[in-house]
Amino acid sequence: MAILQVRNVSKRFGGLQALNDVNLSVEAGTVHAIIGPNGAGKSTLLNCFVGRLIPDTGTVMFDGKSLLGIKPHQINQIGVSRVFQTPEIFGDLSLLENVMIPTFANRDGAFKVNWWKRADRESDVQEHAEAVLQEIGLYEKRHEIADAMSRGDKRRLEMAMCLSQDPKLLLLDEPTAGMSRADTNATIDLLKRLSETRGLTKVIIEHDMHVVFSLANYISVLAQGTVIAENTPELIKGDPRVKEAYLGTEAE
Amino acid sequence: MDLDAILLQVLNGLDKGSAYALIALGLTLIFGTLGVVNFAHGALFMVGAFCAVSLERLLTISQISIDESKTDFLGNPLEVETPYIEMWFGEAIGQGIIDWSVPLAILLTIPVMLIIGIAMERGLIKHFYKRPHADQILVTFGLAIVIGEIIKASFGATENPVAAPAALARVTDVGALVGADTINVTYPSWRLIYMAFAAVVIGAIFAFLQFTTFGMVVRAGMADRETVGLLGIDIDRRFTIMFAIAAVVAGLAGVMYVPIKPPSYELGMQFLVISFVVVVVGGMGSLPGAVAAGFLLGLLEAFASTEWAKDIIPGIDQIIIYVVAIIILLTRPRGLMGRKGVMEE
Amino acid sequence: MFGLNRNDTLLLIFVAIITFAAPILMNPFPTESSLAQFNAGYPDLMQRFVIFGIFAIGFNILFGLTGYLSFGHAAFLGAGSYACVWMFKLFGYNVLPGIILSVIVAGILSVAIGYISLRRSGIYFSILTLAFAQMSFALAYSVLGQDMFGLQGGLTNGETGLQVYTSDPQIFHSEAAPNLPHLFGLPMRETWVWEYGAWSFQFNAGFYLCAIIMLVVFYMSIRIFRSPFGMMLRAIKTNQNRLNYTGVNTRPYALAAFVISGMYAGLAGGLLSAMDPLAGAERMQWTASGEVVLMTILGGAGTLIGPVLGAGLIKYFENIFSKINDAILEGWFAFLPETIGDAVVWVLHFFVGKGWHLTLGLMFMIVVIFLPGGLVGGLVQGAKRLFGGRRRKNAPPPSASPTSQAAE
């Protein structure tokens, strides 16, 4: 069953056709990678999924509901979480609070003035957050302030924040951008492990072929705003159009 | 309203607008180049104004002598104060110099403001480039209080009037000035001069930014700070100079404003609020926006002050600027000519 | 206790003790001594301590937690003041209805101003709130102060300020009740004086009413700080964008914080009128907004006790520092050789008396430059630097509170 369906999406910025009639469908339970050279429109496409941009034409359906014209927080509330290219976390708060906030958002909805109860007495939320931190390997550091973390830990924290919401769809925007080889491999292992334990649907935008081929079940190749090929990793590897548009120039 | 009345209000608006535009220009220049929100800019305007007061006091320092030939009403010999300047240059020239102390104060204002500007940027502002805007607002707000208090300690809490040169302290027949005898409006000459002065300063700033290499770099920096930084241009020095220039503009606006509004230590705060409204309406970091918004708000204020407007909406003169600011901010979030993304995070 | 953790309970008890004992603690010098001018234990000043404490506690809920810097909170203070005086005029001098109405009026006003202003963030928000407050001030001063609808002096009585006249209806006013603000017959001006040796301590009814209210709202602010709601507000400050993508609608949260802090301001304004039934437009002027910003920053924005401390310090300076004149200074430095003494007096006289604002401005700059966490933040940091090393050697306390506590 396709959980995310993108139909005929186009987006223009002035003279630039960023997306041109893009069609995609992401099957539930798979890891779907969107790859393509710089400026291919990957980020634009992702922004159309989370309410940051509204495409000029086309539809984006998630789980039977349109994602167009609704606000980012509403999109999150129906089950789409996003990991940013540079980790977006609550820098002044502790790791535990960082994960408790999305958990609260899941439990209490987009807005609730819950001002009387003590946050540390909300044991269900706290235990859930601690379990997620345990799963991701940050439990020991849960009382530390997020800004003091290494970049790799910040990325993992952001992942934990998304996982705490148990999303139906996780969007990852270049999850290994700017990472060392070791960190990249650690992230790959983490994502693999999560796929096995949680089996949640992921859409990954990625530059690094090593990451893509380690994780993805299915790959769409975007070039100049159009999907030029889509298939399983094995078949994509041999596709001459992909080689020409992408692998031929940027293969690692 | 007849045509003359409208013209009079236009002049009033341009007069106010000139001051607003000049202050806002410096403010937005600082914000656009340095990315700093300077709540002490009104205080710089005030320092400029007090340059005129200081110069006048300096020039009128007098020798006290007894003139035997005259007596006061008790029959005692009269004490006369003769300014040293009259003793040195002769009475006529000396009096002329004193009479022209406001325009002459420009010569004092420029170096004073340059020094203050450089000291302020090097000593304080520099350390706040990377701090949040709220911190910049707060520290410059504190500085504005301090400057105001220093002025109060030095010049007292009352207004310190200094007159315009006698030759310019009268009214001009505007009709005759533009050669149209159908217009029957007279207007204080000094205010007309202030407008012309503002126009010259604004023109000079734009020309400087447009035609010099330095200005080109600054404009590039306002458009895209990161890239300019990457080009290896010594941004630090230019920032200091830009800040000093902005301070000079504020000081010049202040020194010439003295005959229009006698300065007191509260002048800085009075102009601060309004000049920030002007900058925000014009669009943070937009120079033409600041000038346009300055004149726009000046004109609106002038027309709102007429009995005709006040009859329609009572109190409109008091609130027009804020109403306009609120409407513009809500409908055009970035002001009239602001660029996308400035200060929106 | 009180549903707070140990540290917060201790803090609350500490503040309560200090507040209730203030008439004694603030009067350390015998009445006849030359230092008596530094006593702050007289009713008028102590009332101001707690009332502006309330104002700052409320402001801190907005600025300290969400980071939205409002330059317009004086509008709510002023609106609360007017509302309270109106209740006096219409119904009589009992302060309770007046205080309640001032909170409600400020709440309504802050919903309107907050709803519009919060559509922008950063400096635009600051300017919008400033514009609204200046507009309120101008209106209160001019238009709303003119005769209208048969009301002489309009809603605000303009320059003169709103006050109670004998011709006012005061429909619930009974002959038995005192003819000045009172709480069910207890006049706010009622003061018991306790003479103890050379000391004289004044226990004032109005002060204790304000003090109890301050403790209640301080307790409420602790609850807000420690609640999930408070956590969301702090998340707005650190990364509003992330919060939106986390499924949280940030604008109503910010608006709730804005309205709560506006109601605190209204409460403070109402109490000002309850202590002295006169409300003027100058309470709405932006310098009054600036004052609460100064208090909060000076004490430490985002800390619990900081704003109260800042309010106390600034009000103390305003009242006490400003009384020190050259003659007093000369008295102090009389022991120095004359020239040196004169020089010291000459330097110091810029900072005291009428020049105390200079001290305030300098202090404020120093705090912003060197102590971004305010005085309290600085103290906490200093304490950490002193004791941090030792604590680290011990095993991390397992019972440590799971959420990172804001500094006390």
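Which residues in α1(B) meet which residues in α11(B)? In this predicted model, the α1(B) side of the contact is made by Ala19(B), Leu22(B), Ile23(B), Leu25(B), Gly26(B), Leu29(B), Ile30(B), Thr33(B) and Leu34(B), and these meet Phe239(B), Met242(B), Phe243(B), Ala246(B), Val249(B), Ala250(B), Ala253(B) and Tyr257(B) in α11(B). Sorted by class, the contact of α1(B) with α11(B) has 15 nonpolar residues and 2 polar ones, with no charged residues.

Helix α1 of chain B covers residues 3-34 and helix α11 of chain B covers residues 235-257, and their axes come within 9 Å and cross at roughly 170°. Because an angle over 145 degrees counts as roughly antiparallel, α1(B) and α11(B) are roughly antiparallel to each other.

Just after α1(B) comes Gly35(B), which takes a positive phi of about 70°.

**Chain A as a whole**

Chain A contains 9 helices and 10 strands. Its radius of gyration is 18 Å, close to the 18 Å that the globule rule gives for 252 residues, so chain A is as compact as a globular protein of that length. The table collects some further values for this chain.

| Property of chain A | Value |
|---|---|
| Box filled by the C-alpha atoms, along the principal axes | roughly 60 × 40 × 35 Å |
| Share of the 252 residues that count as buried | 46% |
| Among contacts between residues at least 6 apart in sequence, share joining residues at least 24 apart | 67% |

**Where chain C touches chain A**

Between these two chains, 29 residues of chain C are in contact with 37 residues of chain A. On the side of chain C that touches chain A, the elements that give two or more residues are α7 (205-226), α8 (228-244) and α9 (250-275) of chain C. Of these, α8(C) gives the most, with 11 residues. By class, this side of chain C has 13 nonpolar, 12 polar and 4 charged residues, whereas the contact of α1(B) with α11(B) has no charged residues.

Conventions
Residues are numbered from 1 along each chain as its sequence is written. Chains are lettered from A and ligands numbered from 1 in the order in which they are written. This is a predicted model: local features need pLDDT of at least 70, side-chain atom pairs count only at pLDDT 80 or more; totals for chains, interfaces and linings use all residues. Helices (H or I, at least four residues) and strands (E, at least two) are DSSP runs, numbered from the N terminus. The radius of gyration is taken over C-alpha atoms; the globule rule is 2.2 Å times the number of residues to the power 0.38. A residue is buried if 20 or more other C-beta atoms lie within 10 Å of its own, exposed if 12 or fewer, and partly exposed in between; C-beta atoms are placed from the backbone. Two residues are in contact if their C-beta atoms, placed from the backbone, lie within 7 Å. Axes are lines fitted to C-alpha atoms, for helices over the stretch in contact, and angles run from 0 to 180 degrees between N-to-C directions. Angles under 35 degrees count as roughly parallel, over 145 as roughly antiparallel, 65 to 115 as roughly perpendicular and the rest as oblique. Ala, Val, Leu, Ile, Met, Phe, Trp, Tyr, Cys and Pro count as nonpolar, Asp, Glu, Lys and Arg as charged, and the others, Gly among them, as polar.
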